[in-house]
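Dear colleague,

Please read the notes after it with the coordinates at hand.

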Amino acid sequence: MAKFTVLVADDDKEIRDGIEIYLKNEGYDVLKAADGKEALDLLATNEIHLLILDIMMPNMDGITATFKIREAQNIPIIMLSAKVEDSDKIHGLSVGADDYVTKPFHPLELMARVKSQLRRYVQLGTYDGQKKVRIDGLVLDEDAKELSVDGKPVKLTPIEYKITELLMKNAGRVFSINEIYERVWNEEAYNAENIVAVHIRKIREKIEADPKNPRYVKVVWGIGYKIEK
């Protein structure tokens, strides 16, 4: 079984230490940081497979750290925050976070989300047949788990890849927001509209020449999303 390393960044030492105990009980190696800058330093010198980042931290907050991480890496990021407003959740997801957990949280819920994100991350690198799905200039290489647009590679997060894969492999079919969430996140949809919409917007920004007038990812008002054949 592969050994994974999880980086926990939170300015609250008790929270860091508490999460560490549960992660180690699940067999993960753990590194800890007190702010975003320290997290980036650890990321630069260690092989990290998943990050748990608090939003509100001194020196560098979790949003800024996520933005900088996404410039170079697509490893899973779970954000923590005491804030419950949808705008905070959307902000975190829009800069590249894969999941969002609101404090206070049950440690077992966080462990379940860690396992889910790592499983998805690992699956993106496994063999799945030498297949390519082509829709005009959009090409999904299922073997390499890569997407290109007009011959140019596009860097997607694991969640963005799974959404794009779902829509491309079922081109022409309309998926409801709840169905997209349940198939990609593998859990029951609850208040999924904003979460899915943020990821769709990020996908459009990466693959569409004009995201406001998309060529590929279409919205079917009142129903959901599809990619045209």
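What follows is an account of the sheet, a pair of helices, one lysine and a few backbone details. Please keep in mind throughout that this is a predicted model.

I begin with the open sheet, in which 5 strands are arranged in the order β2-β1-β3-β4-β5 with parallel pairing. Its edges are formed by β2 (29-33) and β5 (99-102), each of which pairs on one side only, and the twist from one strand to the next averages 20 degrees. Helix α2 (residues 36-45) packs on this sheet, where it touches β1 (5-9), β2 and β3, and its direction makes about 140 degrees with that of β2. Within the sheet, strand β3 (residues 50-54) and strand β4 (residues 77-81) run parallel and are joined by 4 bridges; leucine 51, for instance, has isoleucine 77 in β4 as its bridge partner.

Turning to the helices, the axes of α6 (residues 158-169) and α8 (residues 193-207) come within 10 Å and cross at roughly 80 degrees, which makes α6 roughly perpendicular to α8. On the α6 side the contact is made by Ile159, Glu160, Ile163, Thr164 and Leu167, and on the α8 side by His199, Ile200, Lys202, Ile203 and Lys206; by class, the contact has 5 nonpolar, 2 polar and 3 charged residues. Helix α8 itself has 15 residues and reaches 21 Å from its first C-alpha to its last, close to the 21 Å expected at 1.5 Å a residue. Among the buried residues of α8 are His199, Ile200, Lys202 and Ile203.

Lysine 226, which lies in strand β12 (residues 224-227), has a relative accessible area of 18% and therefore counts as buried, the cut-off being under 20%. Leaving aside its neighbours within four places in sequence, lysine 226 is in contact with Leu167, Gly172, Arg173, Val174, Tyr216, Val217, Lys218 and Val220.

Most residues other than glycine have a negative phi, and most peptide bonds are trans. The peptide bond from lysine 103 to proline 104, however, is cis, with omega near -5 degrees, and proline 104 lies in the loop between β5 and α5 (107-123). Asparagine 59, in the loop between β3 and α3 (62-70), has a positive phi of about 65 degrees and is exposed at 71% relative accessibility. Asparagine 186, in the loop between α7 (177-185) and α8, has a positive phi of about 60 degrees and is exposed at 54% relative accessibility.

Terms used
Residues are numbered from 1 along each chain as its sequence is written. This is a predicted model: local features need pLDDT of at least 70, side-chain atom pairs count only at pLDDT 80 or more; totals for chains, interfaces and linings use all residues. Side-chain values use heavy atoms; hydrogens and water are left out. Helices (H or I, at least four residues) and strands (E, at least two) are DSSP runs, numbered from the N terminus. Buried means under 20% relative accessible area, exposed over 50%, partly exposed in between (1.4 Å probe, protein chains only). Contact means heavy atoms within 4.5 Å. Axes are lines fitted to C-alpha atoms, for helices over the stretch in contact, and angles run from 0 to 180 degrees between N-to-C directions. Angles under 35 degrees count as roughly parallel, over 145 as roughly antiparallel, 65 to 115 as roughly perpendicular and the rest as oblique. Ala, Val, Leu, Ile, Met, Phe, Trp, Tyr, Cys and Pro count as nonpolar, Asp, Glu, Lys and Arg as charged, and the others, Gly among them, as polar. The expected span of a helix is 1.5 Å times one less than its number of residues. Two strands pair if DSSP finds at least two bridges between them.
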